[in-house]
Amino acid sequence: MKVLFVGESWVIHMIHTKGFDSFTSTKYEEGATYLLQCLKEEGIDITYIPSHEVQIRFPATLESLNEFDAIVLSDIGSNTFLLRNATFYDMKIESNPLELIKAFVANGGGLLMIGGYLSFTGIEAKANYKHTVLADVLPVELLETDDRVEMPQGVHPKTIKTSPVTESLGEWPLFLGYNKLIAKKDTDVLATISEDPFIVTGKYGEGSTACFASDCAPHWGSKEFVSWEKYKLFWSRMIQSIGKKS
């Protein structure tokens with residue numbers, strides 16, 4: 001199975017002030033390193049595009065996207081796809097990557113969106129998938145406003161439907177927050193978190209779709225979740241469930 005995994009990277013700029021003097025430093029981080037390693041160990045062929053490389057590496061044609069069985073978007077906002085350098089700076093006409101993803105799924109591909117501050121609607125509504133073509137594709141309705149639910153006290157999701165994804169997982173570990181979503185009609189809610197949808201699966205055209213409402217890594221995905229003995233099993237099942245059906 002070939003999967004295109006996009007997002008889960010960021011750059012942090014810091015100002016260090018020590019009395020009268022200050023200096024700056026910058027560091028780059030990736031949040032899905034452990035998850036991607038787990039998937040590779042399960043035999044899944046992963047192509048990873050961090051957020052800042054989308055401009056130059058995301059497939060520009062449907063033919064190129066069709067080389068994959070599924071696409072995973074994790075903590076990456078819609079602007080990164082829509083504000084292309086060639087268009088933003090040079091006013092050139094470019095293909096819309098989100099329209100390519102929509103066509104990819106309609107033709108039988110899989111799409112999974114993993115939660116985070118720049119997933120779904122996101123912090124201050126900046127992820128803004130509500131007003132893109134992916135709103136039609138995802139198995140959930142998105143909020144118009146900031147959809148984060150912060151749970152510093154921790155909350156355990158609950159499996160409410162046994163499926164090949166959730167079977168025998170047992171009790172979920174704690175999560176520290178999630179994106180509030182509303183399941184569409186004719187979709188399957190496999191698990192909930194604080195009575196809101198946590199894992200939702202559905203169909204779009206010939207393809208399969210899924211949403212995971214929290215993070216695959218800290219901070220929402222707690223250390224307990226990342227070290228969970230079922231972590232690798234769950235994500236392998238989740239990814240496999242949306243792959244192209246032969």
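**Close-up views of a predicted model**

The sulfur of C38 lies 10 Å from the closest cysteine sulfur, that of C216, which is too far for a bond. The model is predicted: local features need pLDDT of at least 70, side-chain atom pairs count only at pLDDT 80 or more, and totals for chains, interfaces and linings use all residues. Residues are numbered from 1 along each chain as its sequence is written, and side-chain values use heavy atoms, with hydrogens and water left out.

**View A. Cysteines C38, C211 and C216**. The structure holds zero disulfides, a disulfide being a pair of cysteine sulfur atoms within 2.5 Å. For C211, the closest cysteine sulfur is again in C216, at 14 Å, too far for a bond. C38 counts as buried, with 3% relative accessibility, and C211 is buried at 0% relative accessible area. Buried means under 20% relative accessible area, exposed over 50%, and partly exposed in between (1.4 Å probe, protein chains only).

**View B. T209 and A210 in strand β14**. Strand β14 spans residues 207–212; strands (E, at least two residues) are DSSP runs numbered from the N terminus. T209 is buried at 1% relative accessibility, and A210 is buried with a relative accessible area of 0%. Contact means heavy atoms within 4.5 Å. Leaving aside neighbours within four places in sequence, T209 is in contact with residues including V105, V137, K203 and Y204. With residues up to four places away likewise not counted, A210 touches L111, L112, M113, P139, V200, T201, M238 and I242. The C-alpha atoms of A210 and D196, 14 residues apart along the chain, are separated by 15 Å.

**View C. F212 in the largest nonpolar core**. This core has 69 residues, and those with the most contacts inside it are L73, I101, Y129, W172, F212, F234 and W235. A nonpolar core is a set of buried Ala, Val, Leu, Ile, Met, Phe, Trp, Tyr and Cys residues joined through side-chain atoms within 4.5 Å. Beyond its neighbours within four places in sequence, F212 contacts residues among them W172, F175, F198, F225, F234 and W235.

**View D. The largest pocket**. The space in this pocket is about 220 Å³, the volume being that filled by probe spheres set on grid points joined across faces, edges and corners. A pocket is an open set of points on a 1 Å grid over the protein atoms alone, where a 1.4 Å probe fits, with protein on both sides within 12 Å along at least five of seven lines; lining residues have an atom within 4 Å of a point. The lining includes W10, D75, Y117, H219 and W220.

Terms used. Helix = DSSP H or I, 4+ residues; strand = E, 2+ residues; numbered from the N terminus.
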